[in-house]
Amino acid sequence: HPGWDIAGATDGGYLMAMTAQAVLAETGRTDPVTMTAHYLEPARPGPVVVEVQTLRSGRHRTAAAARLLSGEGRLLLSSLAVAGEQASTSEQAAPLVSDGTPPSLPPLERCALVEPTQGFPPPFMGRVRLRLHPDDAGIFAGRPSGTALIRGWFALGEQEPLSSTAVLLAADSFPPPVFNADLPVSWTPTVELTVHVRARPVGVWLACAFRTRFVSGGYLEVDGEQWDSTGRLVALSRQLALVPRG
């Protein structure tokens, strides 16, 4: 649909979530476990077709390959996925090992609401609800923090419950962390995105943190964490993207 774009190209997390829905419908599973997507061409608004091929189906998980094509037959995205049945975080036993905690975020009302403008932020960010940590929100006023880090809250809507496919969308919904390292505020095309879903989220809001440590050879990585209202980890992600051009 229109309005899910960044500089005219449809958001990669939106395309991944759409492809995941087709994988779940084809395999009969309820949740993604892991999904990797390679982005081959920019996607524009209009009809799409998702082709899904089941590679192997076991008792608990099904592996599948998927291709997202434009209405004209252009291959936009190629993906490998494993789907299964995830428990919600409220149903899971305590983690066996946990060497991390949710990002330290102020309450929602003290975080900066991201509202799209004619330029930056782009239209896509008006399709979801983002509230950024005040220390990381200076990019919108031309005051980057100096650290390639973005933290904040993510929601689909005011009271819309989260789903396991929503975390795929959230993985590519925040401004690139390198904008806070004073790199150009420009389109940062995704080459590849991988999301590991650890549980079905509970509640409406996710506490998220995204970091970049290495920018070299024309590429950068974005490592992400998502935690739900129970304080449990629901997803980890890694994205490879092109360095934005000035």
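Patches here are built from residues with over 30% relative accessible area and no salt bridge, and nonpolar side chains are joined within 5 Å. In this predicted model, Tyr 219, Leu 240 and Leu 242 make up a nonpolar surface patch of about 230 Å². Leu 242 sits in strand E14, which covers residues 233–242. With a relative accessibility of 33%, Leu 242 counts as partly exposed, because that class lies between the 20% and 50% cut-offs.

At the start of H1, a side-chain oxygen of Asp 11 comes to within 3.0 Å of the backbone nitrogen of Gly 13. Just past the other end, Gly 28 adopts a positive phi of about 80°. As for burial, the buried residues of H1 begin with the run Gly 12, Gly 13, Tyr 14, Leu 15, Met 16 and Ala 17, and carry on through Thr 19, Ala 20, Val 23, Leu 24 and Thr 27. An α-helix has 3.6 residues a turn, so residues three or four places apart point the same way.

Strand E3 (residues 31–39) pairs with two others. It runs antiparallel to strand E6 (residues 75–84), joined by 8 bridges, and E3 also pairs with strand E10 (residues 190–197) in the antiparallel sense, this time over 5 bridges. His 38 ties into both pairings: its bridge partner in E6 is Ser 78, while in E10 the partner of His 38 is Glu 192.

Methods. Residues are numbered from 1 along each chain as its sequence is written. This is a predicted model: local features need pLDDT of at least 70, side-chain atom pairs count only at pLDDT 80 or more; totals for chains, interfaces and linings use all residues. Side-chain values use heavy atoms; hydrogens and water are left out. Patches are made of residues with over 30% relative accessible area and no salt bridge: like charges are joined within 9 Å, nonpolar side chains (Val, Leu, Ile, Met, Phe, Trp, Tyr) within 5 Å. Accessible areas come from the Shrake-Rupley method with a 1.4 Å probe; for residues, only the protein chains shown count as cover. A salt bridge is a side-chain nitrogen of Lys or Arg within 4 Å of a carboxyl oxygen of Asp or Glu. Helices (H or I, at least four residues) and strands (E, at least two) are DSSP runs, numbered from the N terminus. Buried means under 20% relative accessible area, exposed over 50%, partly exposed in between (1.4 Å probe, protein chains only). A polar contact is a pair of N or O atoms within 3.5 Å; within protein, one must be able to donate a hydrogen and the other to accept it, and residues adjacent in sequence count only if both atoms are side-chain atoms. Two strands pair if DSSP finds at least two bridges between them.
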